[in-house]
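Please read this report alongside the sequence and the model shown here.

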Amino acid sequence: MTYDNFTLKAQEAILKAQNIAGGYDQQNVDTTHLMKGIIEIDEDLTKFLLQKMGVNISLLKEKLIKAIKSYPRVEGAQKQYLTKDANLALSRAKKLLPEFGDEFISLELIILGIVQGKDKASNILHSYF
């Protein structure tokens, strides 16, 4: 997937997710990494959106870190790769573009793409609904 059609903030969040995975010596970047990256890149936006959904942000951060720590570590991992679930979340975000009349995939659309999935991050978010 090319990142040309992502907003700068969305690109930063994906890069942040890769850095988070790298910080834990993990090769795979999953939706939990993406969600954590989004929160770290734009805490005001996520606070606004997630609190409207009744999400306790500090508890969410704890759950995301716990999930991230559960992923396998790879000694000497030089590069991080998006998992199938992460790629699917980004694909779902891209498919939402026409519905929202947007040209670029934003953080909000990535969050929606994650919420619509059936993976660790979406399960964590769904526990609030």
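## Basis and overall fold

Helices (H or I, at least four residues) and strands (E, at least two) are DSSP runs, numbered from the N terminus. On that basis the chain has eight helices and two strands, and along the sequence these elements follow the pattern α-β-α-α-α-β-α-α-α-α. The radius of gyration, taken over C-alpha atoms and compared with a globule rule of 2.2 Å times the number of residues to the power 0.38, is 14 Å, close to the 14 Å that the rule gives for 129 residues, so the chain is as compact as a globular protein of that length. Along the principal axes, the C-alpha atoms fill a box of roughly 45 × 35 × 25 Å.

## Confidence of the model

This is a predicted model, in which local features need pLDDT of at least 70 and side-chain atom pairs count only at pLDDT 80 or more, whereas totals for chains, interfaces and linings use all residues. Residues are numbered from 1 along each chain as its sequence is written, and side-chain values use heavy atoms, with hydrogens and water left out.

The predictor's confidence in each residue, pLDDT, runs from 0 to 100; its mean over the chain is 91, and 97% of the residues reach 70 or more. Confidence is lowest in helix α8 (residues 120-126), with a mean of 80, and highest in α2, at 97.

Axes are lines fitted to C-alpha atoms, for helices over the stretch in contact, and angles run from 0 to 180 degrees between N-to-C directions. The axes of helix α2 (residues 31-41) and helix α7 (residues 107-115) come within 11 Å and cross at roughly 150°. The two helices are therefore roughly antiparallel (angles under 35 degrees count as roughly parallel, over 145 as roughly antiparallel, 65 to 115 as roughly perpendicular and the rest as oblique). Contact, meaning heavy atoms within 4.5 Å, is made by Thr31, Leu34, Met35 and Ile38 of α2 and by Leu107, Ile110, Ile111 and Ile114 of α7. By class, this contact has seven nonpolar, one polar and no charged residues (Ala, Val, Leu, Ile, Met, Phe, Trp, Tyr, Cys and Pro count as nonpolar, Asp, Glu, Lys and Arg as charged, and the others, Gly among them, as polar).

α2 also packs with helix α4 (residues 57-69), at an angle of about 140° and with the axes 9 Å apart, which makes α2 oblique to α4. Here Thr32, His33, Met35, Lys36 and Ile39 of α2 meet Leu60, Lys61, Leu64, Ile65, Ala67 and Ile68 of α4, a set that divides into seven nonpolar, two polar and two charged residues.

## Helix α3 against α7

The axes of helix α3 (residues 43-52) and α7 come within 11 Å and cross at roughly 45°; α3 and α7 are therefore oblique to each other. Leu45, Thr46 and Leu49 of α3 meet Leu107, Glu108 and Ile111 of α7, and the residues of this contact comprise four nonpolar, one polar and one charged.
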